[in-house]
Amino acid sequence: MEVTKIENVTRTFKLGNLETQALRGVSLSIESGEFTALVGPSGSGKTTLLQLIGCLDQPTSGHVYVNGTDVSKLNRNQRADMRRGTIGFIFQFFALIPTLTAYENIEMPLLLNGYNASERRERVTELLQAVDLADRANHRPDQLSGGEQQRVAIARALAPKPALILADEPTANLDTPNGKQVMETMTRLNQETGVTFVFATHDPRVIQYARRVITLRDGVIVENHEAEEISMGV
Amino acid sequence: MIQLFKMALRDLGRNRRRSFFSSLALAIGLALLLLMASFINGEMSGAMDATIRLQSGHLQVRAESYDMNKTSLKWEDLVANPDQVAAQVATLAPVKAASPRLFASGIISVGDESAGVRVFGIDPASEANAPYRDGLISGDFLIPSDRQGVLIGEPLAKKLDLKPGDQINISVNTSNGDVDEQLFFVRGIYTTETSGFDKSTIFMPLAKAQTITQTENHASTIFVLLKDTQQTGAVASALRSSNYKVLTWMQMNEVIVQFEDLANSYMVIFYLIILGITATVIINTLIMAVFERTREIGILSAIGMKSRRILAMFLAESTLLAVGGIIMGLILGLLVTAYFERYGFHIGDYGTTADLLIGNTIYAKLRMDDTVNLSVLALIVTLLAGLYPAVLASRMEPVDALRAGQ
């Protein structure tokens, strides 16, 4: 089943009189359960593409479908609704709310999705165990290591059982062991829960975890391969 | 909702000092408003009280043609047989005291010094004149049979360097338009703590005043004090007759009512200025918070928080700042006003007109309705101030917000 489909999407940014085309006609389809990497150098359009799929931004032209819905023309609140239950995010910076504990950070999307207290407690406990952080539940982000923070972010992204998780350079700020642990956690949860993961990266150690790799350069897709082909190529 | 306030509280706790000082700004603003309101109240109720007690009474019974401004002494403008009229008025149950008074214009002179005064002929035994008797600071009070004694106010005594026993000349107008001058002795010096009254008013027994002004058995007015101010209308109706006019304290003191309205209008402007300054501090604090937390706003938006909830989150913060500030402001304001309610604020000789008697010391008087209204006003202004930063936060595009700080 198709989780997201992108049809001939362009995205142009205006900075004063200067126009920059971040995406120049991208088309793409991602199926449920995929574990896909978007790769390419800085400025190739990876983050812009993730933001469009994630309903954080709107394309200049073309269409973006999420779970069959054209999200290109949705207003701010409709896009927020779409994100809330359908899409989870993991960011390069450890995007946790600093005043909330690990538990409360994971609980936040559940609150927004209207889960009751006992459902929230059950789900957060389950997720904390899934990312091996049950003993860190009451720690605030500044009391957690970078790797632990990113695992909390993974648990938060998974909390409302989304169809799709988008990760933008999830290991960029982590050392190798922590990066490895984060990627292994994502891989395991993809296999256990079947949730689709799409992550942007330019780190070869991360790319090796992907089962499909889409390469962008200058705002266009230049390669779109299954993992085996890449592995052979590497 | 609880979660919202929990988050808001923690967010404010990130920069406790800044949050505290923002709330403190509101607290000081509110305390100042309470103090100002209590001063205006104290001043106005004090002025009304002093005017009723010393000058107008609750009611006055006068001849139909009497004009207070002209201080007429013609017999036809005066109340004849005033003792009888006063006795009749005093039979009404709500009346505390009814006493005849004769007013005349005069000049007091000692050596080369002289001063214009209002001469009050009073019945020294009447309870209506207790404020003057109680305010005696040296010498003796008048007795009805005294033919040469006068009572003068402290500021006048100081100005003319007089003490009890000193001789003075007093010239007064008479009923036929002449001026009569006689020698008197200062019997006593009084103060009502109202310089505007004390420096221009001297007292002599009614009988003597009638003699010198040639207004035999006449008085300018019957001065009436009631047990309860609320009874004024009822007593005035009961006293109305075709021979006399009855004036209530409200009719006689219109200038005070007008002054109070004017003062209240000015106060609204002061309130808005003070709350405007306070609101600026709150806006500044919250705008700083919005800019510092732009990326977090992006994260919350990314995980599906709607604009409305982001708005509510920042409004919850301004509500907490407001509630904290109002609680501190009430404590501070009540303490300060309690001090001035007890010890007052000395303003000296302020009430200089005969129509408006303001005491030398204003005692703050905080009313419950002012306290509630000003607290609610402070809350509303703070919430309105918080609206702009909250709207700013709620309108951020998530993609732009996430980019911030990267």
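**Close-ups of a predicted two-chain model**

**View 1. Helix α8 of chain B and its two sides.** On one side of α8(B), Gly233(B) and Ser237(B) are exposed. This is a predicted model, so keep that in mind for every view here. The helix spans residues 232-239 of chain B, and its buried residues are Val235(B), Ala236(B) and Leu239(B). Look down the axis of α8(B) and those buried residues fall within an arc of 100°, so they line one face of the helix.

**View 2. What the buried face of α8(B) packs against.** Which elements of chain B do the buried residues of α8(B) pack against? Among the strands there are β1 (59-63), β3 (95-110), β11 (221-226) and β12 (244-248), and helix α3 (82-90) joins them.

**View 3. Helices α5 and α6 of chain A, side by side.** Two packed helices are described by the angle between their axes and the distance between the axes. Here, α5 (residues 146-158) and α6 (residues 176-193) of chain A have axes that come within 9 Å and cross at roughly 20°. That makes α5(A) and α6(A) roughly parallel to each other. The crossing in which α5(A) passes α6(A) is right-handed. On the α5(A) side, the contact is made by Gly146(A), Gly147(A), Gln150(A), Arg151(A), Ile154(A) and Leu158(A). From α6(A) come Asn178(A), Gln181(A), Val182(A), Thr185(A), Met186(A), Leu189(A) and Thr193(A). Sorted by class, this contact has five nonpolar, seven polar and one charged residues.

**View 4. Helices α12 and α13 of chain B.** Now switch to chain B, where α12 covers residues 307-343 and α13 covers residues 368-394. Their axes come within 8 Å and cross at roughly 150°, so α12(B) and α13(B) are roughly antiparallel to each other. This crossing, too, is right-handed. The contact of α12(B) with α13(B) has 16 nonpolar and nine polar residues, with no charged ones.

**View 5. Where chain B meets chain A.** How many residues of chain B are in contact with chain A? There are 17 of them, touching 18 residues of chain A. On the chain B side, α1 (2-14), α11 (294-302) and α14 (398-403) each supply at least two residues. Of the elements on that side, α1(B) gives the most, with five residues. By class, the side of chain B that touches chain A has seven nonpolar, five polar and five charged residues.

Notes: Residues are numbered from 1 along each chain as its sequence is written. Chains are lettered from A and ligands numbered from 1 in the order in which they are written. This is a predicted model: local features need pLDDT of at least 70, side-chain atom pairs count only at pLDDT 80 or more; totals for chains, interfaces and linings use all residues. A residue is buried if 20 or more other C-beta atoms lie within 10 Å of its own, exposed if 12 or fewer, and partly exposed in between; C-beta atoms are placed from the backbone. Helices (H or I, at least four residues) and strands (E, at least two) are DSSP runs, numbered from the N terminus. The arc is that of the directions from the helix axis to the C-beta atoms. Two residues are in contact if their C-beta atoms, placed from the backbone, lie within 7 Å. Axes are lines fitted to C-alpha atoms, for helices over the stretch in contact, and angles run from 0 to 180 degrees between N-to-C directions. Angles under 35 degrees count as roughly parallel, over 145 as roughly antiparallel, 65 to 115 as roughly perpendicular and the rest as oblique. A crossing is left-handed if the near helix is turned anticlockwise from the far one by less than a right angle, and right-handed if clockwise. Ala, Val, Leu, Ile, Met, Phe, Trp, Tyr, Cys and Pro count as nonpolar, Asp, Glu, Lys and Arg as charged, and the others, Gly among them, as polar.
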